[in-house]
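Visitor: Could you walk me through this protein model? I am new to reading structures, so please take it one topic at a time.

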Amino acid sequence: MRTQLPSILLLLAVLSAVAFQSHATKGYPTPGWNRIKKVEDYHVQSIARFAIAEHNRQTGDKLEYVRIYRGYVDGQYYRLFIQATDHVKARKYEAVIFEKLWDKVRELVYFRSSS
């Protein structure tokens with residue numbers, strides 16, 4: 001029985017990591033994320049516009065901000081679901097932004113298409 005215990009623990013760790021990853025990648029907030037009730041708040045809007053501008057700078061795309069349709073916050077991280085247009089069609093994107101207000105630092109952690 002002692003030799004099976006490490007294998008069982010390893011299997012449980014792998015299964016829980018896979019379950020957590022699949023839950024996190026489906027657009028659901030991961031533990032610690034709190035829903036932003038007022039995504040129309042000026043500060044949240046400015047973070048979303050920063051995410052679009054930074055993505056455009058990094059990739060050369062020419063996306064234009066339309067609106068935020070959902071947002072979460074966890075400490076200094078914002079997870080925003082943004083609608084933007086490429087002058088042809090409006091699409092949905094997910095962005096995570098790190099912000100340290102007291103140092104006036106914002107960093108785009110990731111930006112990707114969201115279904």
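Predicted model: local features only at pLDDT ≥ 70, side-chain atom pairs only at ≥ 80, totals over all residues.

Visitor: What span should H2 have, and how far apart are its ends?

Guide: H2 has 18 residues, and at 1.5 Å a residue these should span 26 Å; the end C-alpha atoms are 26 Å apart, which agrees with that expectation.

Visitor: Moving on to the core, how many residues does the largest nonpolar one have?

Guide: The largest nonpolar core has 20 residues, and those with the most contacts inside it are Leu80, Ile82, Ile97 and Phe111. Two or more residues are given to this core by each of the elements H2, E2, E3, E4 and E5, and the largest share, six residues, comes from H2. As a general background, nonpolar side chains tend to be buried together in soluble globular proteins.

Visitor: Pick Ile97, then: what does it touch?

Guide: Leaving out residues up to four places away in sequence, Ile97 touches a list that includes Ile47, Phe50 and Ala51, and also Tyr77, Tyr78, Leu80, Leu108 and Val109. Gln76 and Glu107 are among the residues touched by Ile97 as well.

Visitor: Now the strands. How do E3 and E4 run, and how many bridges join them?

Guide: E3 and E4 run antiparallel and are joined by nine bridges, with Ile82 standing opposite Tyr93 in E4. These two strands form a hairpin with four residues between them, and in the turn His87 has a positive phi of about 75 degrees.

Visitor: What about E4 and E5, over how many bridges do they pair?

Guide: E4 and E5 pair over eight bridges in the antiparallel sense, and here Tyr93 stands opposite Ser113 in E5. E4 and E5 also form a hairpin with four residues between them, where Lys104 in the turn has a positive phi of about 55 degrees.

Visitor: Is Phe81 buried or exposed?

Guide: Phe81 is buried, with a relative accessible area of 1%.

Visitor: Why is the pair of Tyr93 and Phe111 stacked?

Guide: The ring centres of Tyr93 and Phe111 are 5.2 Å apart and the planes are at 25 degrees, so the pair counts as stacked, given that the cut-off for stacking is planes under 30 degrees apart. This pair links distant parts of the chain, with Tyr93 in E4 and Phe111 in E5, 18 residues apart. Tyr93 counts as buried at 11% relative accessibility, and Phe111 counts as buried at 15%.

Visitor: Last one: which charged residues lie over the faces of Phe81 and Tyr69?

Guide: Arg70 lies over the face of Phe81, at 4.2 Å from the ring centre, while Lys92 lies over the face of Tyr69, at 4.7 Å from the ring centre. Tyr69 and Phe81 also form one aromatic cluster together with Tyr72.

Note on methods
Residues numbered from 1 in each chain as written. Heavy atoms only, no water. Buried < 20%, exposed > 50% of the residue type's maximum accessible area, 1.4 Å probe, protein only. Phe/Tyr/Trp six-rings, centres within 6.5 Å; stacked < 30°, edge-to-face > 60°. Lys NZ or Arg CZ within 6 Å of the ring centre and 35° of its normal. Core = buried A, V, L, I, M, F, W, Y, C linked by side-chain atoms within 4.5 Å. Contact = heavy atoms within 4.5 Å. Pairing = 2+ DSSP bridges. Expected span 1.5 Å × (residues − 1).
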